[in-house]
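Me: I'd like to go through this model with you, one question at a time. Shall we bring it up and begin with how the chains meet?

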Amino acid sequence: MEEGGGKVRALIEKATNSTQPEVDPRLLKAIKSVVRYSDSELRLAVHALMEFMKRDHSQVRYLTLLIIDQLFMRSKLFRTLLVENLDQLLTLSVGFRRNQPLPAPPSVATLLRNKAIEFLEKWNSSFGIQYRQLRLGFDYLKNTLRFQFPNLQANAARIQQERRERERRSKEILLNKFETLKENFSSIKEEIQSTIDEIGECLDIVRNTGEESMLLARLDDDDDDDDIEEFRSSELQQIRRETLEEGEKVHENSENKVVFDALRELYKLLVTKHLVSVQEWISVLVRVEVTDNRFRDSSLKDFIDIRNLLQSVKKKCEESGCSLPKATTNEEEEDFWEEGKIELNKSGTVSACNRENGDLAIVSEPSDSKITVRHGKKKLESEGVGTESSSPRSKLLAEAPMVNWGPYLDNWGSKRDVLANQRGLELESHWGRVDYDAVIPAEKIAELNVHATVYKEEQLEIQQCRAPLRKGGLCQRRDLRVCPFHGPITPRDDEGKPLDQNLSKDEIASDSGTDLVEAEQLARQAVKNVRARDKDVARKREIDRQSMKHAKRAKLAKIREHNEAVLRDAALASTSRSATAGEDMMASDSGNASDRSKKQALASMLRKKVTPKDRLAQRLLNTKARDATIRQLTSAEDANYKEAFPSQW
Amino acid sequence: MWREIGDRETGKIRPNLFANRIKWNRTERLQLSNHKDIVSPHKGSINSLQVDLTEGRYLLSGASDASAAIFDIQRATEYEGGGVIAKHKCIFSVDKQHEGGHRYSISSAIWYPIDTGLFITGSYDHHINVWDTNTTQVVVNFKMPGKVYRTAMSSLATSHMLIAAGTEDVQVRLCDIASGAFAHTLSGHRDGVMTVEWSTSSEWVLVTGGCDGAIRFWDIRRAGCFLVLDQSLSQLGRRPPILERSATTKVSTTKSLLTSPSSLTKARASQKKLANGSGMKQSSICKFPAKGPMRQRLHPGMLSSQDRATAHYGAVTGLKVTEDGMYLLSAGSDSRLRLWDVASGCNTLVNFETVRLQSSKPIQLATTQSSDLIFVPCMTTVKAFDVWSGKTSLTFRGHYECVNCCWFNFQDQELYTGGNDRQILVWSPSQLIFDEVDGPAHDQDNWSD
């Protein structure tokens, strides 16, 4: 029993000594299986768990609480033992006593408190009847200290209730609708039927006036014959058919305008009212649940028939061309959209030009401008040429550079001299005679019209950080390299997990590994060299003194070993990387390095994070800075004083 | 247990012994009752609890929200959880809204000892109200000079109906219900009086404990107190060693219980014997009074008021006389519990393993009928100490804040405790195994893996 007790304790200790937000499931399973088969183990576990709850570290307490919950939900003995000290447990996990606040890492502490409250609620709802202590604790936290309980069960029940309510209401509505349908079924049908009839009459009138209803059938026959008899180009055939169809269609004119208007009205009625209402009724009939299915089925059938009929009528109408207005509106819409696009483009270019003109930092370079001019010429030429064959033109267009709009384009490529004093207006100058024939030479004009462009930085799409946030979602910050909150920016998947973290790690590892290997090889080589030299020396010595004794040789070997060690050290220490690598090797050699690192992690959770405020405080509130400030202030005061009372010393 | 019943059947053990054994066994198994809940209507801490002395059925509670409530602890008002949990709701409660109700915290609520027709509440609003239980009206009202800390009535009294009231004031007042006036004013304390307790052996003897740390014994038939307990006077064991000197004092004190005038002369005589160094407590008085003439002018009954001996460092917060009236247990704000031999007035030096006692409020102690165990509120827990050895025998954890009062019901061996967390908890003997079967079946082990 004694060593068994150590076992469960050790297991709990191991399970709680972690920085993970969950207990290791394997350890948990081990604890459960140990505790399940032995009551004494369970007692020990209770003691151990309460002891761990007293640890001055919220993480340990949190993990312990998770284990407690697991056992509490399972073992009756555990429950009876634990509720004895429930107030203590709550003090340690909820931290409701002011003189015993929860220990250090505050984030884990809040997590611990929330979890404890949640667990207490769960325990109370499932075992409250058996344990007065649970009821008391729950009541105290809820009614005296007014803690907010998550109220999981009540919430779930409420949601369920609401959903049921909603369903019931929708059913009721459906039923009501169904009843009204029962009453109005015949009238609805009649109405629709009358509309359909009217449409049919209208169509008949239209067809009769057109007198070309026969043509279509004949045409079709023709087509079929043609197909069989002779080859024609399918395009031509298509065109012909279209034209024939178009011709076959009855067009609106002054005679049948009234009929078309009526048809259009009816069509509108059909589409916007009847078709929609029939769809609705069908859906109602499908969803409604009634005891008497006969009426439902029959009416459903009717409605489906009506719908099909309506659709066919609608199609007919469309064929006859009464749905023209709708199509035109569509086209208009499209047109409008395109225009909008163009406008947008224009405005964009204009704004760009404005920006260009307004900018002070104009970079102008003659050679560059020449290039653009040349290209521009090409472009112009190509435009001229491009009318005949589109392919070379497009090729050239693809080659040609984009030139921004500017005033220099006004006299692009002209090599004329410009009259300097011609403005198109005859103005008497008061400044003396004017030489109207003064000419600005072409070179000068070219110089004046030098094409200036502003350097534009290439727009780079800056990657989002996309690190997962605590409240859900991904970090939307765009930083070049390092996000101030989430560190270096790495490509991440949709959940915010870094895509190639492991890969990069491996790479790094392999990098360092190769370095290590190199260093080691170097060291080995050095050692080998030295050893060879040593061997040479030794051989010489052996040749010299054959009568050497074994002891002396051993001594020599020892010295040699020492030399080797020194040399290896030297070789390894030659690069800093290799030195650290060596240390790593040492560390991995020593057995419980991982254990130590874990403990460090637990302790590191307690360490306070250095905030920018701290750093500023360190800078600004140290004695040196303070003294300097004071000195400055006093000197300024002195200066003031001296200015105010210059005669006093 | 079955053996004992067999023994009783065959007449091997006496009925009294049998009953006591059963009671003792039940008391040993006290634990938080899961089957009896008292639904507290109070919105403040519970300051006082008492079950009536006649029927042992009605629990009276007084709370800091100026409300008092009465519960029937025998018959539950409703059941919960499939009839497992019996809820006891109050039969009625009186609070601030009541026309005769107190305005401030009720510090003490006690039953009239003879029947349940009256109960008495003392409050921090300087008033003591006597209520008619059946009409829930105030029938008598006493205005006190300060906050009332504790009221007490003698359960033995046949010739008087006096309420002893300990208040902020230094004087202990005895209020007569019959006349509605103060019958006595007992002065001697130098500070407020936290607790008052009537002797269980004599209807005339009153014990008071003050904030000055003194415990005084009064015989209400005469002026002044006749005994002041001194913590430095001690004896080992339950009886003082039979010495000549202590024997004389014992005679004097015991006599004083019976006839006061004679003890007076004794006291004066002992004072004259000061030079001889007869060093018991009554003689130690004379170290303080400075002048001879002053001493002579003092009323003989007031002599002991000069005695400044203290029973505790700090205030005396709780007093309890054992059922046989031979011993007095006192709790102080120095977190000590002392057992005094009333006969000798000595501290018996029993070391109670208290941890810490509440010091700001008076606490209400309780003993079992045989006075083997004393129940003491120790901050958030209640502890049961063995009276003679001072060992902790039981610890009751259940309250989440300080416990103020407890009451042990002799009849069915139940303990009631009330605390600052507004709960009245019932601690009852744990049920035997065969009783537990009827609980809902789902409190079982549930190992899924």
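Me: Happy to start there, keeping in mind that this is a predicted model. How much area do chain B and chain A bury between them?
Reply: The contact takes 31 residues from chain A and 28 residues from chain B. Carbon and sulfur atoms carry 46% of the buried area. The total that chain B and chain A bury between them is about 2,700 Å².

Me: Which residue of chain B meets Asp87(A) in a salt bridge?
Reply: Between chain B and chain A the count is three salt bridges, along with 11 residue pairs in polar contact. On the chain B side, strand 2 (36–38) and strand 31 (424–429) each supply at least two residues that touch chain A. In the salt bridge you ask about, the N to O distance is 3.8 Å, and the partner of Asp87(A) is Arg397(B).

Me: Thanks! How many residues does the largest nonpolar core have?
Reply: Those with the most contacts inside this core come from both chains, including Ile12(A), Phe78(A), Phe396(B) and Leu415(B). Leu415(B) touches Phe375(B), Phe396(B) and Trp427(B), among others. The number of residues in the largest nonpolar core is 71.

Me: And how many residues are in the second, separate core?
Reply: That core includes Phe260(A), Val284(A), Leu300(A) and Phe303(A). Its residue count is 32.

Me: Is Phe178(A) buried or exposed?
Reply: Phe178(A) lies in helix 9 (residues 152–210) of chain A. Beyond its sequence neighbours, Phe178(A) touches residues including Val284(A), Leu285(A) and Phe295(A); Leu285(A) is 107 residues away in sequence but 7.1 Å away in space, C-alpha to C-alpha. Its relative accessible area is 1%, so Phe178(A) is buried.

Me: Let's go back to chain B. What is the relative accessible area of Thr368(B)?
Reply: Thr368(B) sits in the loop between strand 25 (366–367) and strand 26 (373–378) of chain B. Thr368(B) counts as buried because its relative accessible area is 4%.

Note on methods:
Residues are numbered from 1 along each chain as its sequence is written. Chains are lettered from A and ligands numbered from 1 in the order in which they are written. This is a predicted model: local features need pLDDT of at least 70, side-chain atom pairs count only at pLDDT 80 or more; totals for chains, interfaces and linings use all residues. Side-chain values use heavy atoms; hydrogens and water are left out. A nonpolar core is a set of buried Ala, Val, Leu, Ile, Met, Phe, Trp, Tyr and Cys residues joined through side-chain atoms within 4.5 Å. Buried means under 20% relative accessible area, exposed over 50%, partly exposed in between (1.4 Å probe, protein chains only). Contact means heavy atoms within 4.5 Å. Buried area is the accessible area (1.4 Å probe) that two parts lose on being put together, summed over both. A salt bridge is a side-chain nitrogen of Lys or Arg within 4 Å of a carboxyl oxygen of Asp or Glu. A polar contact is a pair of N or O atoms within 3.5 Å; within protein, one must be able to donate a hydrogen and the other to accept it, and residues adjacent in sequence count only if both atoms are side-chain atoms. Helices (H or I, at least four residues) and strands (E, at least two) are DSSP runs, numbered from the N terminus. Lists of a residue's contacts leave out its neighbours within four places in sequence.
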